[in-house]
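Student: Could you take me through this structure feature by feature, giving the general idea before the particular case?

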Amino acid sequence: MTIFPSSLTSTSGDCQGCQQSEPLGFDFAFAYQPIVDLRDRSIFAHEALVRGTAGEGAFSVLDQVTEANRYRFDQLCRTKAIEGAAQLGMQTNLSINFMPNAVYRPELCIRSTLAAAKKHNFPINRLIFETLESQHVDNYRHLTNILREYREFGFKTAIDDFGAGYSGLNLLANFQPDLIKLDMDLIRDVDRDRARQAIVRGIVTICADLDVTVIAEGIESAGERDFLADCGIFLMQGYWFAKPAFKALAQVPPGTWTR
């Protein structure tokens, strides 16, 4: 049974950024893309991907996010993603991207998220918070503090686009998340590229030693799927399995799972 402490689900003590952030002035919605587990042909999670209200691409929304409204946007992303998942009857993990630079104090900024989970009866141990390894972060000590706090709350943590930035290994040395998601540029044509193969195998070895689970994202071919499975990566995401479904849960065609 999930316990939601009233001291953390109350929004009466929101942090400075949440209080001072200006209204968005625009609305948005979500598409949900499955992350599959090849081992038992199940859905491990769905990632919530921001979209315009009519299904427009993410950039149509993100282009409207500014320094002045990013705190409110980050908070609404969390609560709206949870609300949408609950309405769809999602029974898997839900992965939500967050902006580290939009979090002043994790224990305060998380209150609206916990309140939404309680309202919609969504277990907090099925929430995954992803942060982009490639995103500019003002203070990496602050980021690792956020990730540690979120783990203490009972959330799973993930580093997205691992390998796309310049700080991935340093970040991994300072904090070991539950999951890392390999950047799709590393995955593209990995079954035919020796350099990419060596890098992926190396990351898999490191993560196995650190007890970090690897997800491969951006899978677009059977060859990529099969090479990664042979490397011991069984959690995958990409168009090969299913495109994001706007305000819906995508179906994974039976023929995409195995050779």
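Tutor: Let us begin with burial, where a residue is called buried under 20% relative accessible area, exposed over 50% and partly exposed in between, with a 1.4 Å probe and protein chains only. Phe98 has 3% relative accessibility, so Phe98 counts as buried, and Phe129, at 0% relative accessibility, is therefore buried as well. Bear in mind that this is a predicted model, in which local features need pLDDT of at least 70 and side-chain atom pairs count only at pLDDT 80 or more, while totals for chains, interfaces and linings use all residues. Residues are numbered from 1 along each chain as its sequence is written, and side-chain values use heavy atoms, with hydrogens and water left out.

Student: How is Phe98 oriented relative to Phe129 as an aromatic pair?

Tutor: Rings of Phe, Tyr and Trp (its six-membered ring) pair if their centres lie within 6.5 Å, and planes under 30 degrees apart count as stacked, over 60 as edge-to-face and the rest as tilted. By this rule the count comes to eleven aromatic pairs. In the pair of Phe98 and Phe129, the centres are 6.2 Å apart with 80° between the planes, which is edge-to-face. Phe98 sits in the loop between strand E3 (93–97) and helix H5 (106–109), whereas Phe129 belongs to strand E4 (residues 127–132), so the pair ties together parts that are 31 residues apart in sequence. Elsewhere, ring pairs join Phe26, Phe28, Phe30, Tyr32 and Phe73 into a cluster.

Student: How many helices and strands are there in the chain?

Tutor: Helices (H or I, at least four residues) and strands (E, at least two) are DSSP runs, numbered from the N terminus. The chain has eleven helices and nine strands.

Student: Which residues of helix H10 are buried?

Tutor: An α-helix has 3.6 residues a turn, so residues three or four places apart point the same way. In H10, the buried residues are Gln197, Val200, Ile203, Val204 and Cys207. They cover an arc of only 130° around the axis (taken from the directions from the helix axis to the C-beta atoms), which puts them on the same side of H10. The face turned away from that buried side carries the exposed residues Arg194 and Asp209.

Student: What caps the N-terminal end of H10?

Tutor: Asp193 does, with a side-chain oxygen 3.0 Å from the backbone nitrogen of Ala195. Just after H10, Asp211 takes a positive phi of about 60°.

Conventions: A polar contact is a pair of N or O atoms within 3.5 Å; within protein, one must be able to donate a hydrogen and the other to accept it, and residues adjacent in sequence count only if both atoms are side-chain atoms.
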